[in-house]
Amino acid sequence: MTTPSDDQAVPVPVRLLLPDGQEIVARLWRRRQLPDGWRYEVGIPAYTNTSEGGVEPAEYRVWVRAPEHVRPVDGVSYDAVPTEPLEPPSPVREALGPRRPSGWVLQKLSGGHGPGQAVLHARDCDEAPEGAPVLELERALDAAEKAGVRLCALCGAAAELDPVLRGFDHIGDDS
């Protein structure tokens, strides 16, 4: 449920638990749901100094975790607080699962020349060397076309790059 924008919002009182254990009444401006839980934007009453040397009331706003840092005030309705629920995942994202990081890593093998001088891995492959530079697709394809470079079958580099290198006509061939 999305409710009025901030310029229309009227804050409501909420109990805020401070790091030192104090509990104060703050003003709840809005709520936002994130993948790891809820955040509440609260306004904490304070004072500020003016350029003329005076003191005037102010409000410091901060996002805090709920319910860890906030408690409701008895008798207060929170129905009108602007609320941003988490967007539901797209059916495509649910079907495909998490997206793999982009990029490729070239592992240079020790031991001379000829076949098997290097292996091209997907960036998140368990066999990819730590700290190796990440290659964009064009550079990965250039590396894959060089003699002595093979594509890792463990991470799917071969399945992902072969159609780009050899075209899609060979898919399904037993050759």
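Which residue's side chain is joined to that of E41 by a polar contact? In this predicted model, the partner is R30, and the polar contact between the two side chains spans 2.7 Å. E41 itself lies in strand β3, which covers residues 37-49. Its relative accessibility is 7%, and because buried means under 20%, E41 counts as buried. When neighbours within four places in sequence are left aside, the residues in contact with E41 are R27, L28, W29 and R30, together with R61, V62 and W63.

On the α2 side the contact is made by L137, L141 and A144, while α3 contributes L161, V164 and L165. Of the residues in this contact between α2 and α3, six are nonpolar, with no polar and no charged residues.

Turning to the whole, the protein chain has three helices and ten strands, and these follow one another along the sequence in the pattern β-β-β-β-β-β-α-β-β-β-α-β-α. Among the contacts in the protein chain with a separation of 6 or more, 49% are between residues 24 or more positions apart. Of the 175 residues in the protein chain, 28% are buried, and the chain exposes about 12200 Å², of which carbon and sulfur atoms supply 53%.

Key. Residues are numbered from 1 along each chain as its sequence is written. This is a predicted model: local features need pLDDT of at least 70, side-chain atom pairs count only at pLDDT 80 or more; totals for chains, interfaces and linings use all residues. Side-chain values use heavy atoms; hydrogens and water are left out. Helices (H or I, at least four residues) and strands (E, at least two) are DSSP runs, numbered from the N terminus. Buried means under 20% relative accessible area, exposed over 50%, partly exposed in between (1.4 Å probe, protein chains only). A polar contact is a pair of N or O atoms within 3.5 Å; within protein, one must be able to donate a hydrogen and the other to accept it, and residues adjacent in sequence count only if both atoms are side-chain atoms. Contact means heavy atoms within 4.5 Å. Ala, Val, Leu, Ile, Met, Phe, Trp, Tyr, Cys and Pro count as nonpolar, Asp, Glu, Lys and Arg as charged, and the others, Gly among them, as polar. Accessible areas come from the Shrake-Rupley method with a 1.4 Å probe; for residues, only the protein chains shown count as cover.
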